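Please consult the sequence and the structure shown below while reading.

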Amino acid sequence: MTQVPTVSGGSGRCCLQSLGFQHTASPWPPGWSWGTHSSRKGKEERRVGYQMALLNRQVGLSLTHLSSAVIQRQFSITGACRAIQKLTRVRVVDNSALGNTPYHRPPKCIHVYNKTGVGKVGDKILLAIKGEKKKALIVGHKMPGPTMTPRFDSNNVVLIEDNGNPIGTRIRTPIPYTLRRREGEFSKVLAIARNFV
């Protein structure tokens with residue numbers, strides 16, 4: 001049987017001072033002793049309990065408040081999820097046979113032809129559609145764009161050939177008015193569009 005040091009003895013005080021805490025008045029009455037204890041585990045638990053009591057008193061923030069503050073921290077990734085990048089599912093909005101025949105897998109983007117890897121309105125992408133690779137032009141996306149530009153419920157594309165000519169003969173959904181600024185580049189795609197927004 002060994003005698004456990006008293007609170008005023010300094011065993012708890014030196015451990016806390018090594019952590020950078022100043023010793024304040026003890027939460028127990030002066031001269032109070034833990035008494036004799038034969039279990040080493042019991043001594044360790046009492047020492048840790050004393051250190052935690054002083055730590056909570058010094059910092060003023062209980063561990064429950066700290067854990068609730070960590071749980072409340074949230075991160076938003078919705079903007080990145082709405083962007084057109086690799087493996088993004090898209091919707092073909094022209095009347096081409098390839099884009100309108102039912103298939104068990106939706107068309108997916110496998111490459112974006114720009115430096116950032118994120119497709120926006122007017123960018124060309126490479127699609128995997130029904131076991132084939134086809135180029136497409138983005139004519140609408142879910143991701144928020146610049147001010148006063150429309151945002152769509154789906155990622156809309158129009159299938160094009162390698163030379164830029166559209167495969168279909170009609171675009172069924174409205175396309176952004178900003179594409180008309182690049183009319184020389186997309187003149188044949190704009191010719192088959194019905195509505196602009």
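Two strands are taken to pair if DSSP finds at least two bridges between them. Helices (H or I, at least four residues) and strands (E, at least two) are DSSP runs, numbered from the N terminus. In E6, Lys135 is the bridge partner of Leu126.

This is a predicted model, in which local features need pLDDT of at least 70 and side-chain atom pairs count only at pLDDT 80 or more, while totals for chains, interfaces and linings use all residues. Residues are numbered from 1 along each chain as its sequence is written, and side-chain values use heavy atoms, with hydrogens and water left out.

**Confidence and overall fold**

The predictor's confidence in each residue, pLDDT, runs from 0 to 100. Its mean for the chain is 76, and 65% of the residues reach 70 or more. Over residues 1-12, pLDDT stays under 50.

Six helices and seven strands make up the secondary structure, and along the sequence they follow the pattern β-α-β-α-α-α-β-α-β-β-β-β-α. Of the 197 residues in the chain, 29% are buried, where buried means under 20% relative accessible area, exposed over 50%, and partly exposed in between (1.4 Å probe, protein chains only). With contact defined as heavy atoms within 4.5 Å, residues 24 or more positions apart account for 50% of the contacts with a separation of 6 or more.

**The sheet**

Five strands form an open sheet of mixed pairing, in the order E3-E7-E6-E5-E4. Its edge strands, E3 (91-92) and E4 (108-112), each pair on one side only. Strands E5 (residues 124-129) and E6 (residues 132-140) are antiparallel and share six bridges.

**Aromatic contacts**

Rings of Phe, Tyr and Trp (its six-membered ring) pair if their centres lie within 6.5 Å; planes under 30 degrees apart count as stacked, over 60 as edge-to-face and the rest as tilted. The count by this rule is one aromatic pair. Tyr177 and Phe196 form this edge-to-face pair, 6.4 Å centre to centre with 85° between the planes. Tyr177 lies in the loop between strand E7 (156-160) and helix H6 (187-191), and Phe196 in the segment after H6, 19 residues apart. Phe196 is partly exposed, with a relative accessible area of 27%.

A charge sits over a ring if NZ of Lys or CZ of Arg is within 6 Å of the ring centre and within 35 degrees of the ring normal. Examples are tabulated here.

| Charged residue | Ring | Distance to ring centre |
|---|---|---|
| Lys135 | Tyr113 | 5.3 Å |
| Arg180 | Phe196 | 4.6 Å |
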